Amino acid sequence: MQIGKPAPPDEIIDRDNEVESILKRLQSKISYNIAVTGHRRIGKSSILHKVLHILSRDEKSVVVYFDVQKNIGEPRTFLTSLQAAIFNAFVKKLGRFGKTKARASKIASSITDVLSSKRIKGIGIQINPGAIPEDFSVMPRIEFEQKEAAYAKIFEMVFSTANAIAEKNRVIIILDEFQEIMQLKRYRGLKNILDLFRGIIQERHKNVSFVICGSRVHLLRTILSDGRSSLFSHFVELSVGEMDEKNSILLFNEYLAARGLGQNSKIAKEAFELVGGQPYYLMVLAEAWEPKKQIADTFVDSLTLSVGALRLYSEYVLAEDVAAAQGGPMLRSILAVLARSEGGLGYAGIARSLGAQASELVPYVSELIKTDLLIKTKSGYAIRDRIIRQYLRLNLD
Ligand SMILES: Nc1ncnc2c1ncn2[C@@H]1O[C@H](COP(=O)(O)OP(=O)(O)OP(=O)(O)O)[C@@H](O)[C@H]1O
Ligand SMILES: [Mg+2]
């Protein structure tokens with residue numbers, strides 16, 4: 001168990017319903033596309049890794065896992081990495097063919113066959129020897145043109161290699177942190193990246209399914225439901241929420257046991273009452289708790305001490321989200337007011353606390369909603385994440 005990294009498939013706790021529901025759709029005759037949404041650290045990637053693990057056992061399924069955020073950058077490297085991920089997922093299915101040399105040439109010819117079956121030009125492969133003879137890597141060679149406008153064509157071509165593989169296999173392309181694809185917009189040729197992606201979804205082979213995933217829930221939903229691109233009609237949304245009490249206690253206990261502290265269901269239950277069924281928060285508390293200490297004190301320390309994990313995490317989230325929103329210091333002032341309120345406030349209430357006009361606040365509140373920092377409640381607006389709210393409360397005064 002490692003905090004921050006997706007849980008390994010054999011260590012993941014619960015999430016059977018989520019995993020099943022994704023698998024069921026992917027294995028159905030209708031080739032569904034799935035959008036997995038869920039706030040930061042709720043366990044999306046852990047679920048996807050489990051799905052990947054189960055599907056990889058099926059000989060006919062080629063499963064590509066690609067983290068868009070980790071690979072985002074200049075289009076040439078992005079497209080080359082994506083192509084490498086597609087080729088390598090395919091190579092995994094080719095099985096063993098005796099000696100290394102035979103295997104390398106079988107791989108080369110299988111990929112060449114795939115490419116020529118769809119008359120794909122400008123994409124080739126290169127097999128690089130590794131440190132030991134059994135080990136070599138498959139790298140795509142893409143002929144990029146000088147002009148940026150040509151990126152669109154290559155973007156389409158990379159996905160058409162997946163269509164070519166799908167002639168004989170089921171292909172599943174998992175794109176984690178999908179919303180980051182919007183960063184490619186700044187390159188000429190990729191300005192209309194969502195239209196391009198919609199084209200890819202529409203033209204995909206019937207054996208190809210996409211699973212896209214993202215922690216910026218509001219943004220992802222906006223991307224998907226954007227009137228022009230209307231990607232949502234092509235996706236089924238699966239929203240990942242908190243874990244239930246039983247499994248939260250299990251997770252907390254497993255972590256305590258891994259630290260050599262045995263199990264303590266009383267403390268585990270108290271931890272659940274403090275932070276809810278959010279796996280990352282539970283792990284942080286299980287990591288910081290010391291025997292004989294009150295878990296409530298561990299919680300406050302984590303939120304207030306300069307090295308406290310929940311404090312560092314909250315500061316990171318706030319810095320990132322406030323930077324993503326438009327509005328400067330006013331955004332923080334609104335958050336501060338809402339952090340102190342129970343259950344949230346309407347425009348009039350926020351305005352009164354800030355000595356501002358309610359109408360002035362509208363654009364700021366809407367920016368904070370876009371970043372998922374705020375949600376609309378019955379009584380107005382509130383800070384969505386209870387840890388961020390607690391952090392603000394404890395550190396403002
Ligand atoms: N079901 C689970 N069982 C055990 N550990 C879990 C589970 N779900 C999440 N975790 C742990 O919680 C943390 C966050 O999980 P994960 O990376 O899967 O979430 P995420 O939603 O993909 O997060 P991010 O927004 O950072 O991409 C990790 O440390 C992971 O090991
Ligand atoms: Mg993730």
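**Close-up views of a predicted model**

View 1. Y65 stands opposite I174 in β5. This is a predicted model, in which local features need pLDDT of at least 70, side-chain atom pairs count only at pLDDT 80 or more, and totals for chains, interfaces and linings use all residues. Residues are numbered from 1 along each chain as its sequence is written, and chains are lettered from A and ligands numbered from 1 in the order in which they are written. Strands (E, at least two residues) and helices (H or I, at least four) are DSSP runs, numbered from the N terminus. Strand β5 (residues 170-176) runs parallel to β2, and 7 bridges join them; two strands pair if DSSP finds at least two bridges between them. The bridge partner of V63 is I172 in β5.

**View 2. The two faces of β5.** From β5, R170, I172, I174 and D176 point one way, whereas V171, I173 and L175 point the other way, and all are buried. A residue is buried if 20 or more other C-beta atoms, placed from the backbone, lie within 10 Å of its own. Because 7 of the 7 residues of β5 are buried, the strand is largely enclosed by the rest of the structure. On the side of β6, 5 bridges join this strand to β5 in parallel, and V208 in β6 is the bridge partner of V171.

**View 3. The open sheet.** Five strands lie in the order β2-β5-β6-β1-β7, with parallel pairing. β2 (61-67) and β7 (235-239) stand at the edges with a single partner strand each, so one side of each is left without a neighbour in the sheet. Strands of a sheet pair through backbone hydrogen bonds.

View 4. Of the 22 residues around ligand 1, G43, K44, S45, S46 and P279 come nearest; a residue is near if its C-beta atom, placed from the backbone, lies within 6 Å of the molecule. Helices α2 (44-56) and α11 (279-288) each supply at least two residues of this shell. Domain 1 (16-239) and domain 2 (245-304) both give residues to the shell, so ligand 1 lies between them. The domain bounds come from an automatic or database domain assignment.

**View 5. Domain 2 beside domain 3.** Here, 6 residues of domain 2 are in contact with 6 residues of domain 3, contact meaning that the C-beta atoms of two residues, placed from the backbone, lie within 7 Å. Helix α12 (residues 295-304) gives the most to the side of domain 2 that touches domain 3, with 3 residues.

Notes:
Buried ≥ 20, exposed ≤ 12 C-beta atoms within 10 Å, placed from the backbone.
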